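Thank you for making the time this morning. I would like to walk you through one structure, taking a few places in turn, so please have the sequence and the coordinates open as I speak.

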Amino acid sequence: MIEFEAVGKCYPGGHEALAGISCTIRHAELVVLSGHSGAGKSTLLKMIPAIERPTSGRVLINGQDVGHLPASAIPYLRRKLGLILQESRLLTDRDVFRNVALPLEIAGLSRKEAEHRARAALERVGLADRLTESPVALSGGEQQRVAIARAIVNKPSILIADEPTAHLDPAYAREIADLFRSFNAAGVTVIVSTHDANLFAGANPRLVRLSHGRLAEEAA
Amino acid sequence: MKAWFAAHWRALGLALGNLAAQPLGSLLSSLVIGLALALPATGLALFDSLASLASGVSGRPEMTLFLKDDTSAEERAKLERTLRNDASLSALRFVSRDEARTDLARNGLADVLDTLPANPLPDAFILTLRAPDLAAFEAVQARYAHHARVEHAQVDTLWVQRLTALIDFGRLVMYLLAGVLGSALVIITFNTIRLQIMTRREEIEVSRVLGATTPFIRRPFYWLGGLQGLGGGLFAWGIAALSLELLAPAVERIAQTYGTVFSLGRLAPEAVGLLLGFAALLGLAGSALALRRHL
């Protein structure tokens, strides 16, 4: 369970990105976060893996205040999450397989186990036949699917995706949205920010809309 | 512990891969380090050889009193009593002319001695002084040089002290040089690692987001700096060994012209170990500084 308790974020210089955000995301929920550019979606998502820390309020994951975690504990928190952030670019000097296996390398898994899991993750997103290709040889939609495979390879219970369908044409965007729906159906908590909440309409998600850093609307 | 070794094994693999990806750049960086370290390494090896030459001779300066040919046994005994009562002497040894001849013959001059009609060498007392400084030698020399039964008073091994002092000075200069050049090498490695960090900035950022710890990110860079330093150490060893090999015949020829036998020693295994360790340590230090500053 993820709890935001009166979360605020004010950057140096006085820009207030978030103010008084309070909401709870339960296990295995599919939450679609929407709002205009600069509404605070990315900042809010980044607070879950402690990439950003609140300047007021608390962010709790299963009761643990991640905003006050010591720096040494943050990597271990991130390993439990599946992250598809705008910064989670694919590495062009690694092939698809090694990109997906990177979180497993970081977690210190054996080569054999890493290979098994990375293949399974790529099969899950339909790219098992593209293992040895460079990410630059893939289309935008395929690259996004590789990023998703990398996010799920550690079998996370929470999947966070920041604008995963941005810059994709509608067909690719629907494919990606379907993938998230399938993960959620398998019991994974999915929090995804998007400009187009309609992509997830069929999955009956919980919609959370932000406007100017504040919670504007919340609907199931 | 197994995980720790596995993490280092992975980091070593990444560092080697990094070096292999830029073979020319890596080679040139190591070569620059090697060239800089070769100078002090060769110098220290040279001074070590000289030191072994000096230590082959009695390190404590001595004075020899050569007696006149017509000195009787009684006069010799009287002089010996005088010397034994001299508080400035710590040891006294009598070398008869026959013993002196045997020593010379043993040192390769038997043929020369055989051509002489009689043993030309005199009896002698070898004196060791309590305070082996120049003033003490001058005082003892003044006291016995004009003794009725002394033909000549000669200070034997003061040059060894001077040579030892010079060697110590030379070694100090080489250590200072190694320190100065070592600092330059730390800067070279610092710059190499800084560039590597900049090149791999994206990978570092992505790895952080995916849960990489700081040691996980830093380890390959430590290995890279250490390996580059070690490579430099290997080059330095090669250059120093080659230089000593090339210098050795020339030095031997010079020594022969002075009637002495002297050969340049090779780098001892412990010196090689020290050189490689020092070079690797410099690489690590450069990495550590770059990582502290840029990561």
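This is a predicted model: local features need pLDDT of at least 70, side-chain atom pairs count only at pLDDT 80 or more; totals for chains, interfaces and linings use all residues.

In chain A, strand β1, residues 2-10, is joined to β2(A) by 6 bridges, and these two strands run antiparallel. To give you one pair to look for, E3(A) has T24(A) of β2(A) as its bridge partner.

The phi of A28(A) is near 65°, which is a positive value in a residue other than glycine. With a relative accessibility of 28%, A28(A) counts as partly exposed.

Let me move now to helix α5 of chain A, residues 140-152. The helix has 13 residues and reaches 19 Å from its first C-alpha to its last, close to the 18 Å expected at 1.5 Å a residue. How many of the 13 residues of α5(A) are buried? The count is 11, so the helix is largely enclosed by the rest of the structure; among the buried residues are G141(A), E142(A), R145(A), I148(A) and I152(A). The cover over these buried residues includes, from chain A, β6 (81-84), α3 (96-107), α4 (111-124), β7 (158-162) and α6 (170-185), and, from chain B, α7 (201-209).

α3(A) and α5(A) pack at an angle of about 30°, with their axes 7 Å apart, and the crossing is right-handed. On the α3(A) side the contact is made by V96(A), N99(A), V100(A) and P103(A), and on the α5(A) side by V146(A), A149(A) and R150(A). Sorted by class, this contact has 5 nonpolar, 1 polar and 1 charged residues.

In the loop between α5 and β7 of chain A you will find K155(A), which has a positive phi of about 50° although it is not a glycine. K155(A) counts as exposed, at 62% relative accessibility.

The contact involves, among others, F221(B), Y222(B), L230(B) and W237(B) of α8(B), and L275(B), L276(B), L284(B) and L291(B) of α9(B). By class, the contact of α8(B) with α9(B) has 14 nonpolar, 6 polar and 2 charged residues. As for α9(B) itself, its 26 residues should span 38 Å at 1.5 Å a residue, and its end C-alpha atoms are 37 Å apart, which agrees. Its buried residues include V272(B), A279(B), L282(B), G286(B) and A290(B).

My last stop is H8(B), in helix α1, residues 2-21, of chain B. Is H8(B) buried or exposed? Its relative accessible area is 19%, and since buried means under 20%, H8(B) is buried. Leaving aside residues up to four places away in sequence, H8(B) touches R219(B) and W223(B).

Methods:
Residues are numbered from 1 along each chain as its sequence is written. Chains are lettered from A and ligands numbered from 1 in the order in which they are written. Side-chain values use heavy atoms; hydrogens and water are left out. Helices (H or I, at least four residues) and strands (E, at least two) are DSSP runs, numbered from the N terminus. The expected span of a helix is 1.5 Å times one less than its number of residues. Buried means under 20% relative accessible area, exposed over 50%, partly exposed in between (1.4 Å probe, protein chains only). Contact means heavy atoms within 4.5 Å. Two strands pair if DSSP finds at least two bridges between them. Ala, Val, Leu, Ile, Met, Phe, Trp, Tyr, Cys and Pro count as nonpolar, Asp, Glu, Lys and Arg as charged, and the others, Gly among them, as polar. Axes are lines fitted to C-alpha atoms, for helices over the stretch in contact, and angles run from 0 to 180 degrees between N-to-C directions. A crossing is left-handed if the near helix is turned anticlockwise from the far one by less than a right angle, and right-handed if clockwise.
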